[in-house]
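Thanks for asking me to look this one over.

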Amino acid sequence: ALIQVGLFRSNPELDVAAPWMVAVWVLLALTFEGMLLLRPRKFLLFVFGAISGPLCYFPGEALSIFAYARPLWLSALGHGLLWGLLMMIIFRVRDA
């Protein structure tokens with residue numbers, strides 16, 4: 001979905017984006033329980049998601065699996081805001 005809205009550009013020559021994305025999501029699942037300490041602090045959840053979300057994707061750009069749209073700061077900012085909100089939603093759903 002992020003490729004369709006223009007946040008990323010995929011590399012059409014490579015067919016490794018799916019396994020790489022699966023690895024990123026598996027790592028998120030493995031660290032999820034470790035983030036339970038942040039649950040009462042919603043702002044810290046947002047900050048953690050906003051910083052760590054885009055940082056997890058920079059190696060994929062370095063390996064030319066995909067590329068952030070340019071300007072980079074704007075794409076990373078949008079991606080960070082999305083991840084920050086996503087972290088807050090994930091924990092809200094988990095606590096419901």
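The points go from the whole chain to single residues.

1. Overall layout. Please keep in mind that this is a predicted model. The protein has three helices and two strands, and from the N terminus on the elements follow the order β-α-α-β-α. Along the principal axes, the C-alpha atoms fill a box of roughly 45 × 25 × 20 Å. Of the contacts with a separation of 6 or more, 75% are between residues 24 or more positions apart.

2. Surface and charge. Of the 96 residues, 30% are buried. The protein exposes about 6300 Å², and carbon and sulfur atoms supply 74% of that area. As for charge, there are 7 positive and 5 negative side chains, with 15 Å between the centres of the two sets.

3. Nonpolar side chains tend to be buried together in soluble globular proteins. Here the largest nonpolar core has 14 residues, and Trp20, Met35, Tyr57, Phe66, Met87 and Phe91 are those with the most contacts inside it. At least two residues each come from helix 1 (17–32), helix 2 (42–62), strand 2 (66–68) and helix 3. Helix 1 gives the most, with four residues.

4. Helix 2. This helix has 21 residues and reaches 31 Å from its first C-alpha to its last, close to the 30 Å expected at 1.5 Å a residue. Its buried residues are Leu45, Phe46, Gly49, Ser52, Gly53, Pro54, Tyr57, Gly60 and Glu61. I would look at Gly49 and Gly53 in particular, as they come back in the next points: Gly49 is in contact with glycine 84, and Gly53 with histidine 79.

5. Helix 3. Helix 3 has 24 residues, and its 34 Å from first to last C-alpha is close to the 34 Å expected at 1.5 Å a residue. Buried in this helix are Ser75, Ala76, His79, Gly80, Trp83, Gly84, Met87 and Phe91. Phe91 touches Phe32, Met35, Leu36, Arg39 and Leu45, leaving out residues up to four places away in sequence.

6. Histidine 79. Beyond residues up to four places away in sequence, histidine 79 touches Leu2, Leu7, Phe8, Gly53, Pro54, Tyr57 and Tyr68. Among these, Gly53, Pro54 and Tyr57 are buried residues of helix 2.

7. Glycine 84. Also in helix 3, glycine 84 is buried, with a relative accessible area of 0%. Leaving aside neighbours within four places in sequence, glycine 84 is in contact with Phe46, Gly49 and Ala50. By contrast, 26 Å separates the C-alpha atoms of glycine 84 and asparagine 11, which are 73 residues apart along the chain.

8. Phenylalanine 66. This strand 2 residue is buried at 7% relative accessibility. Not counting residues up to four places away in sequence, phenylalanine 66 touches Phe8, Arg9, Ser10, Asn11, Trp20, Tyr57, Gly60 and Glu61. Isoleucine 3 is 63 residues from phenylalanine 66 in sequence, yet their C-alpha atoms are 9.4 Å apart.

9. Two spots in the backbone. Most residues other than glycine have a negative phi, and most peptide bonds are trans. Serine 64, in the loop between helix 2 and strand 2, has a positive phi near 60°, and this residue is partly exposed, with a relative accessible area of 42%. Further along, a cis peptide bond with omega of about 5° joins arginine 70 and proline 71. Proline 71 lies in the loop between strand 2 and helix 3. I would give both places a careful look in the viewer.

10. Threonine 31. To end, a residue of helix 1. Threonine 31 counts as partly exposed because its relative accessible area is 42%, between the 20% and 50% cut-offs. From C-alpha to C-alpha, threonine 31 is 28 Å from alanine 69, and the two are 38 residues apart in sequence.

Terms used. Residues numbered from 1 in each chain as written. Predicted model: local features only at pLDDT ≥ 70, side-chain atom pairs only at ≥ 80, totals over all residues. Heavy atoms only, no water. Contact = heavy atoms within 4.5 Å. Core = buried A, V, L, I, M, F, W, Y, C linked by side-chain atoms within 4.5 Å. Buried < 20%, exposed > 50% of the residue type's maximum accessible area, 1.4 Å probe, protein only. Expected span 1.5 Å × (residues − 1). Areas by Shrake-Rupley, 256 points an atom, 1.4 Å probe, with all protein chains shown as cover. Lys, Arg positive; Asp, Glu negative; His and termini not counted. Charge placed at Lys NZ, Arg CZ, Asp CG, Glu CD.
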